[in-house]
Structure formats: C-alpha cells, structure tokens
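Colleague: Please pick one part of this predicted model and take me through it closely. I would like to know how it sits against its surroundings.

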Amino acid sequence: MRKHFPGEPKPSYIAPWDDTPDWERASAGAVYEQVALLIRQGGTDKLSREQKGRFVALCWIAQIYRHIPDPKPAYVADWEQLPDWQRETDSDIFVHIAAAVG
C-alpha cells in the first residue's frame, strides 16, 4: 500500500490487523484462499502482472458484494476505473501470496 499510494494513505487503509473490521479480515482471508487455490492449481506463472492484479480485484469485489448490500461504486469499480496505486497494490498482493504459497 505505502509503496504505491501517492502521499499519506487514509488510516483505514493501513490499520493494524487487529483494528480491521471483522468483515474486512474475513474478506482478506477469503481472497487469500482464492488466490492460493488458483496458484496451487498451476498455470499462474503465465499470467501477466496485470492479470494477477485483476484476479485479486475481482475476488475483492465479490467479497464487497457479499458483505455490503449496496456498496459505493468506488468499492466495486472495474479494473480500468481503479487508481494506479490500487492496481499496483492488487498485483503486489498476488505476488506476495504466490511467494507465501511457494
């Protein structure tokens, strides 16, 4: 997050894990598991960095709809509408999970 965000991110963007709302922690865990499962199934080494980030973003959007009945449009924006820092962060998330999964 800090690596790509221009300036100082909002406190909610960088809150400690224990201060993160339960639904958001559950969502992050679900996204992690979805990405990890995809990686374990193989073939992800052929995905571009952008495709990896798009997958993370789509998994997150599904979690938003699961937990928020009528989310703000910015919460469920398509890849093209995301700011560069968010796209880069989502791509980094995939790469981080891939490194953790092995």
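**Helix α3 and what it packs against**

Modeller: Helices α2 and α3 are roughly perpendicular to each other (angles of 65 to 115 degrees count as such, under 35 as roughly parallel, over 145 as roughly antiparallel and the rest as oblique). Their axes cross at roughly 95 degrees and come within 7 Å (axes are lines fitted to C-alpha atoms, for helices over the stretch in contact, with angles running from 0 to 180 degrees between N-to-C directions). Helix α2 covers residues 49–67, and α3 covers residues 84–101 (helices are DSSP runs of H or I with at least four residues, strands are runs of E with at least two, and both are numbered from the N terminus).

Because this is a predicted model, local features need pLDDT of at least 70 and side-chain atom pairs count only at pLDDT 80 or more, while totals for chains, interfaces and linings use all residues. Residues are numbered from 1 along each chain as its sequence is written, and side-chain values use heavy atoms, with hydrogens and water left out.

On the α2 side, the contact (heavy atoms within 4.5 Å) is made by R49, E50, K52, G53, F55, V56 and A57. From α3 come E88, D90, S91, D92, I93, F94 and V95. By class, six residues of this contact are nonpolar, two polar and six charged (Ala, Val, Leu, Ile, Met, Phe, Trp, Tyr, Cys and Pro count as nonpolar, Asp, Glu, Lys and Arg as charged, and the others, Gly among them, as polar).

The other partner is α1, residues 22–41, which packs with α3 at an angle of about 60 degrees, the axes being 9 Å apart. That makes α1 oblique to α3. The residues of the contact of α1 with α3 divide into ten nonpolar, no polar and one charged.

As for α3 itself, its 18 residues reach 26 Å from first C-alpha to last, close to the 26 Å expected (1.5 Å times one less than the number of residues). W85, T89, D90, S91, F94 and I97 are its buried residues (buried is under 20% relative accessible area, exposed over 50% and partly exposed in between, with a 1.4 Å probe and protein chains only). These buried residues pack against α1 and α2. D92, also in α3, counts as partly exposed because its relative accessibility is 22%. Just after α3, G102 takes a positive phi of about 90 degrees.

Helix α2 has buried residues of its own: K52, G53, V56, A57, C59, I61, Q63 and I64. They pack against α1 and α3. With 19 residues, α2 reaches 28 Å from its first C-alpha to its last, close to the 27 Å expected.

V76 lies in the loop between α2 and α3 and counts as buried at 16% relative accessibility. Leaving aside neighbours within four places in sequence, V76 is in contact with I61, I64, Y65 and P71. Its C-alpha is 18 Å from that of F94, 18 residues away along the chain.
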